[in-house]
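Please consider the sequence and the model shown below.

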Amino acid sequence: MSTVDILISALIVCLAGVVRGVTGFGGAMVMSPLLALLIGPQAAVLTALLLEGFAPLPLLPAVARIANWKVMRPIIAAAFVAAPIGGLLLAHVEANLMRKAIAVVVLSFALIMFFGVQIRTRASTSARLAVGGIGGVLVGATSMGGPPVILYLMASGESLPVLRANLMVYVAAASFAGLAAMGITSVLDPQIVLMAMALAPVYLASAWFGGRLFRHVNERLFRRVTLLLLITVSAVILVAA
């Protein structure tokens, strides 16, 4: 990678961190499609998984005590089982097609969230296993296993602190599931791991800044603007890729 590529990657990661800090979601959704254009889908997915996996670790002991483990255990278990399927897709599908696949995933869930589509869910173990399985395949293939689980959990009626804790536990677990899948499918690249480690302070500082910015911005407006940005970027990738 050239110095220019690294600087652009840092800017993308910075934007993703601010979005994550303000809205509580969307880091991988911002990073993956843009980084896929710059450094390729495999490197983009690996970078996003590393940053999303390690970023919430300092907070996990506290949120783990709040999370609803009856709900989250089957979701996380299914994600770990299904993630290698996504990893195989990432390893063997042609790069340009994977860029489009990542853009389709981002576009689909951004539209659902933008228009506030309500998903009816069943509070059953089978439903949780299904949602976790879908999320696992997506996290292994695109780094974005969060949206289907977010939609499921948002429809569950949990209190906001429990919902946030559930999401943080899942994002960390799913990211490690995706990393494990990349290890199994031999997609791990030591150079990209080093680059992600170098970008981690940028992501963490940006997320911290976004959290501070949250107090001074209209969260609903910021979230809608972010979703519009994701919709636009994904549509451009689909047309141009």
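**Helix packing and the nonpolar core**

Helix H7 (residues 125-142) passes H9 in a right-handed crossing, a crossing being right-handed if the near helix is turned clockwise from the far one by less than a right angle, and left-handed if anticlockwise. The contact is made by Gly135, Gly136, Val139 and Gly140 of H7 and by Tyr170, Ala174, Ser175 and Gly178 of H9, where contact means heavy atoms within 4.5 Å. By class, this contact of H7 with H9 has three nonpolar, five polar and no charged residues; Ala, Val, Leu, Ile, Met, Phe, Trp, Tyr, Cys and Pro count as nonpolar, Asp, Glu, Lys and Arg as charged, and the others, Gly among them, as polar. Helices here are DSSP runs (H or I, at least four residues), numbered from the N terminus.

This is a predicted model, in which local features need pLDDT of at least 70 and side-chain atom pairs count only at pLDDT 80 or more, whereas totals for chains, interfaces and linings use all residues. Residues are numbered from 1 along each chain as its sequence is written, and side-chain values use heavy atoms, with hydrogens and water left out.

The axes of H7 and H9 come within 8 Å and cross at roughly 55°; axes are lines fitted to C-alpha atoms, for helices over the stretch in contact, and angles run from 0 to 180 degrees between N-to-C directions. H7 and H9 are therefore oblique to each other. On this scale, angles under 35 degrees count as roughly parallel, over 145 as roughly antiparallel, 65 to 115 as roughly perpendicular and the rest as oblique.

Helix H8 (residues 146-154) also packs with H9, at an angle of about 160° and with the axes 11 Å apart. H8 and H9 are therefore roughly antiparallel to each other, and their crossing is right-handed. From H8, Gly146, Val149, Ile150, Leu153 and Met154 make the contact, and from H9, Leu163, Asn166, Leu167 and Tyr170. By class, this contact of H8 with H9 has seven nonpolar, two polar and no charged residues.

Which residues touch the most other members of the largest nonpolar core? Of its 71 residues, they are Met31, Ile75, Leu153 and Tyr170. The largest share of this core, 13 residues, comes from helix H9 (residues 160-184). A nonpolar core is a set of buried Ala, Val, Leu, Ile, Met, Phe, Trp, Tyr and Cys residues joined through side-chain atoms within 4.5 Å. Leaving aside neighbours within four places in sequence, Tyr170 is in contact with Met72, Ile75, Ile76, Ala79, Gly135, Gly136, Gly145, Gly146 and Val149.

Ser175 is likewise placed in helix H9. At 4% relative accessibility, Ser175 counts as buried; buried means under 20% relative accessible area, exposed over 50% and partly exposed in between (1.4 Å probe, protein chains only). Beyond its neighbours within four places in sequence, Ser175 is in contact with Leu49, Glu52, Gly53 and Val139.

Is Arg122 buried or exposed? Arg122, in the loop between helix H6 (95-114) and H7, counts as exposed at 59% relative accessibility. Arg122 and Ala155 are 33 residues apart in sequence and 9.3 Å apart in space, C-alpha to C-alpha. Apart from neighbours within four places in sequence, Arg122 is in contact with Ala127 and Tyr152.

Leu37, in helix H2 (residues 27-39), is partly exposed, with a relative accessible area of 48%. With neighbours within four places in sequence left aside, Leu37 is in contact with Arg99 and Ile237.

Notes
Helix = DSSP H or I, 4+ residues; strand = E, 2+ residues; numbered from the N terminus.
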